[in-house]
Amino acid sequence: MAITWGPSTWGRRLTRSKAWTLQLDDEAIVLVVDGIEHRAPISSDPPVSIQQGLFWASVTLHPSQRQFIGVRGIPNKLADRLQSAIDSHVRRKTKRDRFHQAYSQLRPWTRAAAAVVFESREKRTWITHEQQDAIFRQRPNIGINHEDLTALFEDADVQSGMDEDALQECRNGLGAWKVWQTHDAASLWATFNEEHTKRELDACKELFDRVEKQPLSEEQARAVICFDNRVQVVASAGSGKTSTMVAKAAYALHREFVSPDKIVMLAFNKSAAEELKERAVQSFQRLGLDGVEVDAKTFHALGIQIIGEATGKKPRVPSWVENTGESLKKLNEIIDKLKDQSPGYRTKWDMFRIVYGRDIPAFGAPSIPDAWDKTGKPVLRTLAGDLVKSQEEFIIANWLFYNGVNYQYERAYGFDTRDAKHSQYMPDFYYPDIDLYHEHFALDEHGNAPPHFNGYLDGVAWKRQEHVLRGTSLIETTSDQIWKGDHERHLTKELTDRGIALDPDPDRPVPTGGQPPIEHGDLVGLIRSFISHAKSNCLTAEALLAKVEQEPKGSFKYRHRMFLELVEPIRKAWDAALSEAHGIDFEDMLNQAAEHVELGRYKSPYELVMADEFQDASMARARLCRALVQEPGRHLCAVGDDWQSINRFAGSDVSVMTGFKQWFGSGTELRLQQTFRCPQQLCDLSSQFISKNPAQIKKVVVSNTKPHGPVAQAFQVKDRNELQSAVEGYLTTLHQSLGNGEIEPGRNGKVSVFVLGRYNADESYVPPDWKRRFGRRLEVKFTTAHSSKGSEADYVIMPSLVHKGFPNTRIDDPVLGLAMPQSDNFPFAEERRLFYVALTRARRAVAMFTVSGKNSSFLDELVKDGFVTITDTEGEPVVEERCTVCKVGVIVERTGPYGKFRGCTNYPNCHNKPRARPAPSRTASNARLTLAQVLEATRTSPPGILPRS
């Protein structure tokens with residue numbers, strides 16, 4: 001609304017001014033003089049000035065920099081009012097302009113964000129991270145923050161002239177901006193998607209109830225509805241992963257998000273792919289989608305297809321690549337040929353296997369012991385049977401044995417050195433043939449000992465002085481020499497110069513009591529795993545060597561370089577054999593397929609990619625998945641359980657799942673935490689066990705499965721030879737209890753039983769005549785823990801939970817870390833996951849069997865955590881005194897040359913001989929329970945509670 005000023009008639013006459021008016025409108029200051037209009041746009045620097053005279057004021061307008069128009073006729077007393085009106089109008093106009101200029105930039109962005117929400121509601125779709133990120137990237141830089149712009153809007157000068165609709169529109173826009181410009185945006189999008197999920201749960205209830213034989217749980221249905229670009233479904237054992245994948249395909253077709261030919265479900269083996277395809281067809285038929293199919297393939301089948309279409313030449317995978325046993329056989333042939341062609345390579349192979357088969361822990365850190373000496377200190381058993389105190393001494397002793405050097409470990413020095421401060425001196429090594437002593441000192445390159453080795457350097461000085469005083473010959477080696485590999489050259493020179501002839505012999509028999517070297521087959525298997533991971537990660541020989549050089553101080557780089565020197569010729573020969581056979585192996589195939597997709601040589605037809613058992617994905621598989629959905633608007637749903645990642649030996653890398661966001665970008669992570677298999681007590685036991693590894697993804701597993709009594713029992717026998725009869729007794733009681741109606745039959749009228757072994761050899765614990773004796777009511781099957789994944793039974797028997805059996809204490813070699821981006825350093829991480837898999841195969845209960853004095857550390861852990869009590873086969877709780885030194889054996893009364901004594905059953909690995917007998921355990925008075933009574937408790941006792949007489 002314009003405001004008009006002008007001189008009075010008297011003012012014009014007295015000042016002889018022309019007729020004029022000054023108008024203030026929304027856009028300009030207008031001076032009309034004698035009917036001629038002069039305009040000057042309003043700015044922060046007003047284009048009009050007022051100059052007061054003696055009585056009258058003059059008004060000057062500046063339409064441009066070179067033009068001015070002046071008039072008079074305003075009394076001085078009105079000039080101040082005019083100036084104030086002009087200033088006020090300019091301020092109001094400036095604020096309005098500033099607000100509207102900023103808001104005009106902001107308005108399209110807030111409307112675009114609102115349009116995404118509106119479209120989601122109209123089309124009943126998920127608001128993806130791709131859409132969210134696009135909105136965020138389009139956010140304009142308007143040069144003012146939210147607080148200042150809001151304060152500007154709330155100014156009365158800005159709001160004057162706006163109608164109610166305009167005011168409300170601005171309020172809504174500023175409110176949206178406040179959320180979307182901050183971290184609260186994620187919460188807002190999540191709120192919209194949660195509202196969408198609730199609407200879909202109701203709208204598609206019939207589909208979710210019919211798509212599988214049983215209605216989907218809400219968890220499963222939510223995972224089906226979530227159609228983010230990247231979705232990771234973290235599942236639990238028995239939570240219905242396959243049902244969720246199949247239902248997601250059906251939902252996508254039902255909502256017409258994608259057509260059938262644009263969906264692929266990826267599995268890790270042919271049988272799993274066939275099951276997915278068959279389950280999908282059955283589900284579609286239930287929904288009336290007859291004749292509809294979606295692709296279900298293995299990663300390898302898809303990789304071959306992609307390469308064939310991209311190059312016009314379909315690759316071939318030789319049979320010796322497809323079969324694990326054949327792969328190892330081929331590697332053995334390659335290695336044998338390399339050793340025949342090169343004596344130097346044969347020497348390196350033998351040296352690594354016999355002398356360097358075990359890695360060295362960090363400088364000054366303890367080794368994992370093989371045994372314990374008479375003082376209770378942990379020691380390592382060498383090839384010759386000596387118990388040495390460190391991994392470095394272990395390497396030296398085995399090098400001497402390999403080279404046929406006659407030595408004695410810690411033989412008493414030839415002189416009495418005992419005094420008030422020193423006991424008898426025992427040099428590390430003595431060579432009797434040349435009367436030479438050898439000390440190995442834990443000193444670094446600067447001659448320093450580990451910081452926690454208090455007084456160590458004083459001992460070094462004293463030992464050196466003794467040899468000088470007594471005139472005895474001494475040679476030295478140091479930790480630094482071991483780490484650098486200089487010890488071999490140094491020892492060779494020192495010994496040969498003194499007349500000892502080295503006689504390397506890889507076939508030298510290991511005496512009774514000696515620790516055999518790493519098996520040839522184990523080393524071949526390690527190399528096969530290493531090559532798989534290196535190829536999967538596209539690591540060249542140069543890249544691997546660079547990783548060795550980048551390893552932190554304390555890594556045994558010399559050993560790692562030696563390993564790479566063994567591996568690279570094998571890898572080249574392996575690739576040459578592939579080339580000769582016009583073939584390709586799986587890792588190269590997956591990487592080549594991914595590259596074709598990444599570079600556009602193959603256009604992925606799939607808009608929805610679902611990957612099953614994602615915990616077993618390799619880096620190459622993950623790369624292919626990422627490539628398949630690299631274009632906008634594509635969706636990846638990866639379903640897996642990192643707690644069941646047990647195929648590292650075959651190239652799988654659990655970090656693909658635990659680092660899902662780093663691999664695939666932002667998305668949604670969901671949980672399937674309800675299991676339909678195990679009772680809650682078994683869920684609690686297995687979950688607490690696996691969750692001790694902080695690298696595992698956290699989840700809370702719940703179950704509504706009815707318990708059938710104690711879910712975990714442990715039985716101990718005195719000797720390994722009794723394990724089969726103990727398993728037989730358990731099966732007998734199960735058979736009788738089923739016949740008497742004391743326990744319910746399973747799904748097919750029988751009770752299914754898995755005998756799960758850590759190794760194939762554990763099948764010997766299955767009674768050979770079980771079918772004749774128990775076949776009418778029981779279905780007994782032996783399988784290894786690895787092979788059991790994906791299967792289930794009513795009862796699970798673990799027949800040999802013994803020390804060094806399960807877990808396998810030959811932990812993953814640190815050299816594997818060179819070929820992998822991340823390493824899981826938690827003790828026995830893979831074995832822990834394998835044990836979790838074994839536990840969670842059971843629908844009712846797990847029975848574990850062990851041997852006195854040889855308990856598995858995993859079983860001990862369950863006992864310590866209060867989940868299980870070990871009894872004998874008659875049901876009486878075992879009362880024994882566990883050895884406080886080795887923590888494995890038990891203290892029993894034995895007879896020796898000097899009469900009876902108390903010693904550890906883990907002898908000769910443990911020499912503990914405690915004197916005092918501890919007070920009797922309170923469990924010693926527990927009533928005696930038979931195995932039948934234990935099973936009887938399944939009908940009469942609360943879960944996990946054994947009856948007492």
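This is a predicted model: local features need pLDDT of at least 70, side-chain atom pairs count only at pLDDT 80 or more; totals for chains, interfaces and linings use all residues.
Biologist: Where in the chain do Glu 410 and Lys 389 lie, and how many residues apart in sequence are the parts that the pair ties together?

Modeller: Glu 410 and Lys 389 form a salt bridge in which the closest N and O atoms are 2.8 Å apart. Glu 410 counts as partly exposed because its relative accessibility is 22%, and Lys 389, at 44%, counts as partly exposed as well. Since Glu 410 sits in the loop between S14 and S15, while Lys 389 sits in the loop between S13 and helix H16 (391–402), the parts tied together by the pair have a separation in sequence of 21 residues.

Biologist: Is Arg 677, the partner of Glu 792 in a salt bridge, buried or exposed?

Modeller: The side chains of Glu 792 and Arg 677 meet at 2.7 Å, N to O, and this pair links distant parts of the chain, 115 residues apart, with Glu 792 in the loop between strands S25 (778–784) and S26 (793–798) and Arg 677 in the loop between strand S21 (674–675) and helix H27 (680–690). Glu 792 has a relative accessibility of 24% and therefore counts as partly exposed. For Arg 677 the relative accessibility is 8%, and because the cut-off for the buried class is under 20%, Arg 677 counts as buried.

Biologist: Which residues are joined with Arg 677 into one network?

Modeller: The salt bridge between Glu 792 and Arg 677 belongs to a set of salt bridges that share partners. Together with Arg 677, the residues joined into this one network are Arg 747, Glu 792, Asp 794 and Arg 843.

Biologist: Which are the edge strands of the open sheet of four strands?

Modeller: The strand order in this open sheet is S14-S15-S16-S17, with mixed pairing. S14 and strand S15 (residues 429–431) pair in the antiparallel sense over two bridges, and Tyr 409 stands opposite Phe 429 in S15. An edge strand pairs on one side only, which here applies to S14 (408–409) and S17 (473–478).

Biologist: Which helix packs on that sheet and touches S15, S16 and S17?

Modeller: Helix H17 (residues 456–470) packs on the sheet, where it touches strand S16 (436–441) and S17, and its direction makes about 165° with that of S16. The helix that touches S15, S16 and S17 spans residues 486–497, and its direction makes about 170° with that of S17; this is helix H19.

Biologist: Which residue of S13 stands opposite Arg 381?

Modeller: An open sheet of three strands has the order S11-S12-S13, with antiparallel pairing, and its edge strands are S11 (371–372) and S13 (387–388). Strand S12 (residues 378–381) is joined to S13 by two bridges. Opposite Arg 381 stands Leu 387.

Note on methods
Residues are numbered from 1 along each chain as its sequence is written. Side-chain values use heavy atoms; hydrogens and water are left out. Two strands pair if DSSP finds at least two bridges between them. Contact means heavy atoms within 4.5 Å. Axes are lines fitted to C-alpha atoms, for helices over the stretch in contact, and angles run from 0 to 180 degrees between N-to-C directions. A salt bridge is a side-chain nitrogen of Lys or Arg within 4 Å of a carboxyl oxygen of Asp or Glu. Buried means under 20% relative accessible area, exposed over 50%, partly exposed in between (1.4 Å probe, protein chains only).
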